[in-house]
Amino acid sequence: MSDRLPHFLGLGVQKGGTTSLHRLLEQHKNVFLPNAKELQYFSLHYAKGDEWYRSHFAEAGSNQLCGEITPYYFFHPEAHKRIAKLLPQAGLIVLLRDPVDRALSQYFHSKRLGLEPLDLEDALEAEESRLRGAEKILVKPDSRHQSHQEHSYLSRSRYEQQLPNWESKFRPEQMLVLRSEDLFNEPEKTWEVLLEFLDLDPLPLPTLPKVANAGRGEASLVSPDIRRWLRTKLKETYCWAADQHNLQWSKE
């Protein structure tokens, strides 16, 4: 049994740049990440136990920080409690993307993978009923709920309902909350912030390979009316982000 556990976690959000984050950090010699992104231990595989989780970090070098990145953790209703129990000192990285853009990106991601049979408007209308009762089911360590994971477009974008769960369990200095857009548009600056947060040696921004699960621009074809409707539904999220965390996205 390995005694290694992560020093840091990338919590999310889905479609917020976590694949890019993984591909950057894995190129730092003092970072060890499991070969497979998204171990899903604290979400889907908690029943497998700590020994299973530790085994993924057994090959880490003594001078390496261990980490893992699973964007479902941020949204999963039990993950913050499970992580606080096993990794109370861990550093937590959260990338928050424009809530409307994130929701649309998730929808088209699910559509491409064959996980979403409904058209966009029907899927958004069905979300509340699809997710009803999910949190009660997910309390069990061996449970999963497909719609909670795959059809949670608006719900995952309501950051004001999720981040406080983490803030209640971890100290402010343990958390790095960034805009996904800054990673996309100013990767050098964001990379420096990440290295400082993780106390890693300086390193020029590594080459970022093409992201395998990037979108195909489908969201650009969504009508302005639907975008305005989404912006209205997520108005509280935008206000909270600006007021509480100085995170702002352009107004439409």
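Visitor: Which side chain meets E116 in a salt bridge?

Guide: Side chains of opposite charge can pair when their charged atoms come close. In this predicted model, the partner of E116 is R130, at 2.7 Å from N to O. E116 lies in the loop between α5 and α6, and R130 in helix α6, 14 residues apart.

Visitor: Is E116 buried or exposed?

Guide: Buried means under 20% relative accessible area. E116 has 3%, so E116 counts as buried. R130, at 18%, is buried as well.

Visitor: How many salt bridges does a search of the whole structure find?

Guide: The search gives 9. One of them joins D101 and R227, 3.1 Å from N to O. This pair links distant parts of the chain, D101 being in helix α5 and R227 in helix α13, 126 residues apart. D101 is partly exposed at 25%, while R227 is buried at 15%.

Visitor: Which residue forms a salt bridge with K189?

Guide: That residue is E186, with the closest N and O atoms 3.5 Å apart. K189 is exposed, at 54% relative accessible area, and E186 is partly exposed, at 35%.

Visitor: Turning to strands, why is β4 described as largely enclosed by the rest of the structure?

Guide: Because 6 of its 6 residues, 91-96, are buried. G91, I93 and L95 cover one side, and L92, V94 and L96 the other; all are buried.

Visitor: Which strands are joined to β4 by bridges?

Guide: Strand β1 (residues 8-12) runs parallel to β4 and is joined to it by 4 bridges, with L9 opposite L92. Strand β5 (residues 175-179) also runs parallel to β4, through 5 bridges, and there I93 stands opposite L176.

How values were computed:
Residues numbered from 1 in each chain as written. Predicted model: local features only at pLDDT ≥ 70, side-chain atom pairs only at ≥ 80, totals over all residues. Heavy atoms only, no water. Buried < 20%, exposed > 50% of the residue type's maximum accessible area, 1.4 Å probe, protein only. Helix = DSSP H or I, 4+ residues; strand = E, 2+ residues; numbered from the N terminus. Pairing = 2+ DSSP bridges. Salt bridge = Lys/Arg side-chain N within 4 Å of Asp/Glu carboxyl O.
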